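Please read them beside the coordinates.

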Amino acid sequence: MSGMKVHTKINGDPVEFMCEADESLLDVLRNRLNLTGAKEGCSTGDCGACSVTVDGRLTCSCLVLGVEAEGHDIGTIEGMAEGEALHPLQKKFIEHAALQCGICTPGFLIAAKSLLDKNPDPTETEIRFGLAGNLCRCTGYDKIVRAVQDAAQEMRKTSAKASAKKAAPAKKRVAAAKSRTSQKKRA
Amino acid sequence: MPLDNPTNVKRKFDVVGSRPNRPDGIDKVTGRAKFGADASAPGQLVGRILRSPHAHARIKKIDTSKAEKLAGVKAVVTRADFPDHTDGDNALYDTMCNVMAREKAFYEGHAVAAVAATSASIARQALKLIKVDYEVLPHVTDVDEAMKPNAPLLHDDMFTDGVDPKPKKPSNIARRFEFGHGDVEEGFKQADIIVERSFKTEATHQGYIEPHAALASMSPDGSGELWCCTQGHYMVRDVCSRILGIDISRLRVTQSEIGGGFGGKTTVFIEPVALALSRKANRPVKVVMSREEVFKASGPTASTSIDIKIGVTKDGLITAADGTFRYQGGPFQGCSPAEFGGMSAFAQFHLENVRAVAYDVVANRPKTISYRAPGAPMANFAVESVIEELAHKLGMAPIDFRIKNAAREGTKSSYGPVYGPIGLGATLEAAKNHPHFKAPLGAHQGRGMAAGFWFNFGGQSCVSLNIPIDGSVTVSVGSPDIGGSRAAMCMMVAEELGIPYEQVRAIIADTSALGYNDVTDGSRTTFATGMACIMAARDAMKKLCQRAAATWGIPEEAVTWENGHAKPAGANAGNFAPLSLKEIAQASPGTGGPIAGHHEYSADGAGVSFATHICDVEVDKETGATKIVRYTVIQDAGKAVHPAYVEGQFQGGAVQGIGWALNEAYIYGKDGRLQNAGFLDYRIPVCSDLPMIDTQILEIPNPGHPYGVRGVGETSIVPPLAAIANAVAAATGVRFTELPMSPPVVLKGMDDAKAAGKSKAA
C-alpha cells in the first residue's frame with residue numbers, strides 16, 4: 001500500500017504507524033491504533049467528541065490528518081488516568097452524574113483538563129465557554145459544569161498542599177535564621 | 001405485581017433514594033466503554049450506502065455491474081436482495097422499504113443501494129459506479145401543503161383511515177384520530193372569552209451524539225450475529241430476521257453502549273443492510289452512518305400545524321377546549337406521533353367538554369421515529385400558549401388559572417382514562433411557592449411557565465438474577481442502559497435483598513440470554529424492568545429462605561428474610577442464628593445447586609407524569625437573540641431511585657426543549673433537499689448558551705409500582721416550548737406562534753409589532 005510512516009508520541013509512549021494520506025488522526029487512533037476512546041460524532045469539528053491534545057493544545061482529531069501528527073505529542077483519554085488512579089476530573093464526573101450515555105464524556109474530559117491546565121480557577125462562565133466546543137445531548141451541561149468546578153477546587157487544594165509542603169522547609173529555615181538573628185541582637 | 005393498594009407502596013428505603021456511583025462509570029470516563037462504532041471483527045469489510053439525491057423519484061433501474069467489478073468490492077445489495085418476507089405486515093413492509101427503497105425513493109437520503117468493500121475509499125468509489133435511473137417526481141415537504149387536494153401524492157393507494165365513509169380519492173392523509181368527551185359546541189356557548197390561534201412547529205432531530213453503527217456477521221448456515229447501538233436489541237433481532245427471512249432464534253444481537261437515543265434508536269436503519277451485505281459477502285461488515293446521513297436518513301420527529309380554540313368563563317373556568325393537530329411523519333403511514341399529540345394535548349386539564357382531532361400526514365421527508373414524549377411537546381406548545389393568553393385576557397395570574405383548571409385524582413382525562421393519584425397540582429403549587437417564581441426580573445427579561453404531561457409506558461421485561469458462591473449478585477436485564485439505568489437496577493435489587501449496593505452488578509444481556517424485552521422507551525426501564533428486578537430478587541429471596549429452612553430442618557413458611565439474612569420466625573424465632581446471603585450462597589452447591597431468581601411479564605400500571613417549568617429569558621432588542629437566564633423544572637417522579645440521574649433527565653429534557661424552542665429546525669430548499677444536515681447549521685444548545693437548570697423532584701407514589709416509581713425520562717421535554725414562548729411574549733410583548741423562535745424570527749416579530757403599533761397610532 002501507498003501508506004506513509006508517521007512517528008509520534010501518544011500518551012507519553014513513542015508510537016509509529018502507517019497511514020494513507022486521506023486518513024484523519026481520528027481514523028488512525030480508532031482504526032489503526034485501537035484507541036477508540038476518542039469518538040466520531042460529526043467529522044466536521046462541530047461536536048468535540050474526538051477531542052485530543054496535540055502538543056498540549058486542545059484539538060479535534062477529526063480535523064487533523066494522520067500524517068500531520070508526525071513529530072508531535074498526542075494526548076488521548078486513554079492516557080488521562082495514572083494507572084489505577086483516576087484524574088480528579090474523571091472522579092468528579094462519576095460522582096456528579098455528569099454523564100448519562102457517556103459518548104461525549106472522553107471529549108469533555110480532555111477539553112476540561114485542557115481548560116484547567118490553563119486556568120486552574122475558572123468562573124462558571126469561563127467553564128461554559130471553555131466547553132462550548134463539546135456537544136452533550138443528555139445532561140443539559142448542568143452537572144458537567146458542577147463536576148468541573150468541583151474538580152478544579154480539589155486540584156487547587158492539592159496543588160496548594162503540594163506547594164505548602166515544598167515551601168515548608170524553607171519557611172522553617174527562615175524562622176530559624178530569624179530566631180538566630182534575634183538571639184544575636186539580644187546578645 | 002402492580003399493587004392495588006397504594007398503602008402497600010414501600011416508602012422507607014436504605015439504598016433507593018441515595019446517589020451511589022454508577023457501575024459503568026469508570027469505563028465511561030476512561031474511554032474503555034465500547035459504543036456502536038468501537039467494535040471490529042477479523043476480516044471485516046466497510047459497508048457504505050448510496051442514497052437518493054431526490055426528494056421523490058421513481059427508481060426505474062439500478063445498474064451495479066461496474067461497482068461489482070471494482071477490485072476490493074465484495075458485495076453490492078439493492079432492493080433485489082430484499083425479497084418480501086413481511087407477510088402482509090404493513091408496518092414491517094414500510095420499515096423494509098425505508099431501509100432499502102423499492103419502487104420509489106421517498107426523500108433525499110433514502111437508501112437505494114449499498115456496498116461492502118475492503119476499505120472505505122474503495123467503498124466510496126464503488127458507490128460512484130452504481131448507476132441509478134431516476135424518474136424525478138413532484139415532491140411535498142410541508143404538512144399543510146401535503147394535505148391540500150392537489151398536492152403531489154406519495155402513494156396512489158392511501159385512502160384516509162378513520163373517516164366515515166372512507167374517501168374514494170387517495171391523499172397524503174393516512175389517518176384521522178379523534179379524542180375527547182362532552183360537547184365542545186355547547187361548551188363554547190357558555191364561554192365569556194374564547195381564544196383561537198394557529199401554530200406551526202418545524203421538525204427537529206433527537207441529536208444523539210453517536211451516529212448509528214452496526215457490525216454484522218452472517219454465516220453460510222444462515223445464522224448471524226449483530227453488534228449495534230440501539231434502544232432495543234430484541235426489537236432489532238425480530239425486525240431484521242423477519243426482513244431477511246431467517247428464524248428469529250438464529251440471529252443473536254448484542255447491544256453496544258449507546259451514545260444517546262431519545263427515541264431515535266427505537267427502529268432499524270442500517271442493521272438489515274449490514275446483515276444483507278454480510279450474507280452476500282460472507283464476511284463481517286461494519287456500517288457507520290455519517291452525521292449527514294443521521295440528519296437525512298434516520299428518524300427525526302414530526303413537523304406540525306396546529307389550531308387551538310379554548311373558551312373560559314369570566315371567573316376563569318374552562319368550558320371547552322378544541323384542537324386540530326396535523327403531524328407530518330415522513331413517507332409512511334402510522335409514523336408521525338399524531339395520535340399521541342392529540343391524546344396528550346389537553347391532558348393537564350379538568351375538562352367537561354374537550355375534543356382533539358389529529359391527522360397523520362405523509363410527505364417527502366425521512367420516516368419519523370419517536371423523539372422523547374413523541375408528539376406531546378408541539379401540542380403542549382400550542383395549548384399552553386393559548387392558556388397563557390387566556391389568563392392575561394381574564395386578568396388572572398397564569399399560575400392560578402392553571403391551578404383552577406388542573407386535572408386531579410378522579411378527573412376524566414381528555415384521552416379517556418380516569419386519573420388515579422397524580423402530581424400535577426403539587427407541581428403547580430410547588431412552582432407558585434418556588435423562589436424563582438418571585439425573583440425580580442431585569443431589563444428586557446420575561447418570565448413564562450407551562451405544565452406538561454406524558455403517559456409513560458410499562459411493557460415486556462425479562463430479568464435473570466444469579467447468586468454465585470461468594471454471595472455477590474449479578475442481575476441480567478435486556479433493557480439497554482441509555483442514561484444510568486444499570487445503577488437503578490442494582491439499587492432496587494440491593495434494596496430488596498437488604499445487601500450493599502456494591503454487592504450487585506447489572507449487565508445488559510444479549511438476545512440469546514433472556515426472553516423478549518421491549519425497547520428502552522416510554523420512560524419504561526426504571527419502572528418496568530426495575531419492577532422485574534425487584535420481582536426476580538423476591539424470587540431469589542424465596543429460594544434463599546427455602547435453603548435456610550432445609551438447613552435448619554424447619555418449614556419454609558417459618559423463615560423470613562430481613563436485612564440480607566434468613567431468620568427463623570414464629571415459633572422458631574431465635575432458635576437458629578440467622579444465615580446471611582453469603583453463607584447460604586457458599587453452601588449452595590450442597591443444598592440444591594445454584595440460586596437464581598427470574599421474572600418475566602408485561603408491566604401495567606405505569607403512572608402518568610406531570611411537570612411544571614418556569615423560565616426567564618432575556619431578549620436582545622438589537623439582534624432578536626433569546627438568552628435563557630434562569631430555568632426551573634418541577635416534576636413528579638413517584639419515587640426517585642437515583643435522584644442525581646432523575647435530575648439529569650429533568651435537565652436534559654428541558655435543554656432539548658430549549659433547543660427546539662429557539663434554534664433547532666429542519667430547513668428544506670424548494671428542491672426538497674435538507675439544507676442544514678450538520679451540527680454547525682442545525683444548532684443544538686451548547687454549554688455557553690445556558691444557565692444551571694434547577695430541579696425540584698416531587699414524589700407522589702405511583703400505586704402501580706412497589707416503590708411508587710413513575711417514569712421520568714420524557715415529561716421534561718414537554719413544557720419547555722410553551723414556557724419559553726410565554727417568556728418571550730412577556731419580554732417582547734409579541735406572541736410567537738411558530739417554532740423555532742430564532743433571532744431573525746424574533747427580530748422580525750418585534751419590528752412588525754413596532755410598525756403595527758406606529759400605524760395604529762397614526
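1. A helix crossing is called left-handed if the near helix is turned anticlockwise from the far one by less than a right angle, and right-handed if clockwise. By that convention, the crossing of α15(B) and α16(B) is right-handed. The axes of the two helices come within 9 Å and cross at roughly 35°, where axes are lines fitted to C-alpha atoms, for helices over the stretch in contact, and angles run from 0 to 180 degrees between N-to-C directions.

2. This is a predicted model, in which local features need pLDDT of at least 70 and side-chain atom pairs count only at pLDDT 80 or more, while totals for chains, interfaces and linings use all residues. Residues are numbered from 1 along each chain as its sequence is written, and chains are lettered from A and ligands numbered from 1 in the order in which they are written.

3. Helices (H or I, at least four residues) and strands (E, at least two) are DSSP runs, numbered from the N terminus. Where α15(B) meets α16(B), the residues include Met489(B), Met492(B) and Val493(B) from α15(B), and Cys533(B), Ile534(B) and Met541(B) from α16(B); contact here requires C-beta atoms, placed from the backbone, within 7 Å. The residues of this contact divide into nine nonpolar, five polar and two charged, with Ala, Val, Leu, Ile, Met, Phe, Trp, Tyr, Cys and Pro counted as nonpolar, Asp, Glu, Lys and Arg as charged, and the others, Gly among them, as polar.

4. The domain assignment of chain B, with bounds from an automatic or database source, gives domain 1 (10-33 + 458-603), domain 2 (36-138 + 208-297) and domain 3 (607-762). The C-alpha centres of domain 1 of chain B and domain 3 of chain B lie 39 Å apart, and their contact takes 18 residues from each of these two domains. On the side of domain 1 of chain B that touches domain 3 of chain B, α15 (485-497) and α16 (525-552) of chain B each supply at least two residues, and α16(B) gives the most, with five.

5. The contact between the chains takes 42 residues from chain B and 43 residues from chain A. On the side of chain B that touches chain A, α18(B) gives the most, with seven residues, and the residues of that side divide into 20 nonpolar, 16 polar and six charged.
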